[in-house]
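I set out to look up how the two chains meet, and then to go through one of them element by element. My entries follow in the order of the look-ups.

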Amino acid sequence: MVVKRERLEVIYDILKIIQDNNNSIKPTPLLRFSNLSFNSFSIYEKDLIKKDFIRLCEDKKGKKYYTLTDKGFIYLDKYSMIKNFISEFDL
Amino acid sequence: MINRFQMGFSYVEIFSIIVVLLSCFFIYFKTKEIYDLTSHKGIGYFRKAFLFFGFSAVILSLFSFIGSVGFEFRFFFRFIILFQLIGILYFLFSLFYKKLKYEWIIYLFTLFVLLSSFMFRSKYVLGFLVFFIFSVVGVVSIYNYLYKKKSSKINSNIYFIYSLLFVFWGLRFLLFIFDLTLYFEREFYHIMMAVVFMYIGFIVNDKLTLRKK
């Protein structure tokens with residue numbers, strides 16, 4: 001049975017993909033690696049930009065790519081701690 | 001039997017109330033960062049629960065410092081209970097936020113309890129309504145402790161602590177309703193609360209401290 005990922009886990013996966021790609025990845029590969037539908041990905045993408053976890057930048061050729069912000073790195077650092085906390089208090 | 005309002009606060013009680021107050025606000029502020037990062041509803045409700053427990057401890061500590069146990073204390077005692085009630089409802093929401101979606105129910109229920117207590121001018125109405133909620137949370141905690149321990153879904157004894165807290169809190173309400181408050185019981189209650197809240201604060205601190213790998 002396929003277990004649906006929790007919201008926090010999806011966010012972690014997206015941020016980790018960006019980090020693992022030298023903190024720079026284009027939208028199409030990010031969508032593909034994140035294993036999300038286009039609609040779900042769009043919702044997460046907007047949410048992450050709004051929360052200042054990722055930034056959508058443009059290079060000199062006008063191609064778009066995502067990078068992590070400091071807050072995004074902090075989230076990645078603290079993810080396992082947050083998961084521990086949630087499971088400890090059964091939240 | 002001595003009426004609870006005729007008794008002042010002992011040093012042990014004052015110290016215990018301060019410990020509860022500090023523990024509640026410690027938990028609230030310590031979880032701020034992870035809530036800001038995640039906007040996790042469960043964490044949000046959990047924080048609010050301790051914020052309201054903290055508010056009730058603030059009022060209680062003010063009166064314990066002033067040493068007033070007269071009319072004003074009787075009046076404000078209602079608000080102490082109401083803050084505890086809001087806290088406990090938020091706590092319930094933190095466990096079942098996926099099923100309980102409407103936060104306004106907490107305030108509606110509290111308003112209902114407050115209005116009932118003013119309308120009927122009886123401590124039994126307030127006492128039994130709050131006792132009912134405490135019982136529900138107590139039963140949920142005990143059930144989760146027994147069930148989740150068996151199925152090994154969680155590896156902590158946090159539900160044991162919750163069960164202890166809510167069952168004891170609920171029992172104390174029963175004593176309060178029937179005016180069976182004794183000096184010893186009050187001191188024991190405050191010490192117990194201080195230990196439990198401090199322990200929860202300790203777990204929060206332990207879980208939210210980054211360890212170097």
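**Entry 1: the contact between the chains.** I began with the interface and found 16 residues of chain B in contact with 14 residues of chain A. On the chain B side, I noted that the elements giving two or more residues are H2 (32–38), H3 (41–66), H4 (71–96) and H8 (183–207), all helices of chain B. I record here that the model is a predicted one.

Entry 2: I turned to helix H1 of chain A, residues 7–20, and checked its span. H1(A) has 14 residues and reaches 20 Å from its first C-alpha to its last, close to the 20 Å expected at 1.5 Å a residue. Which residues of H1(A) are buried? I listed Ile11(A), Ile14(A), Leu15(A) and Ile18(A). These four lie on the same side of H1(A), because they cover an arc of only 90° around the axis. I next asked what covers the buried residues of H1(A). The cover includes H2, H3, E1, E2 and helix H4 (70–88), each of chain A. After H1(A) comes Asn22(A), for which I noted a positive phi, near 55°.

**Entry 3: positive phi in the loops of chain A.** I kept in mind that most residues other than glycine have a negative phi. Asn35(A), not a glycine, has a positive phi of about 55°. I placed Asn35(A) in the loop that runs between helix H2 (27–33) and helix H3 (38–50) of chain A. Is Asn35(A) buried, exposed or partly exposed? I counted Asn35(A) as partly exposed, because it has 13 C-beta neighbours inside 10 Å. Asp52(A), also a residue other than glycine, has a positive phi near 65°. I located Asp52(A) in the loop between H3 and strand E1 (54–58) of chain A. With 11 other C-beta atoms within 10 Å, Asp52(A) is exposed; the cut-off for that class is 12 or fewer.

Entry 4: I followed the chain into E1(A), which pairs with strand E2 (residues 64–68) of chain A in the antiparallel sense, over five bridges. Which residue stands opposite Ile54(A)? I found Leu68(A), in E2(A). Between the strands of this hairpin there are five residues, and Gly62(A) in the hairpin takes a positive phi near 85°.

Technical notes:
Residues numbered from 1 in each chain as written. Chains lettered and ligands numbered in written order. Predicted model: local features only at pLDDT ≥ 70, side-chain atom pairs only at ≥ 80, totals over all residues. Buried ≥ 20, exposed ≤ 12 C-beta atoms within 10 Å, placed from the backbone. Pairing = 2+ DSSP bridges. Contact = placed C-beta atoms within 7 Å. Expected span 1.5 Å × (residues − 1). Arc of directions from axis to C-beta.
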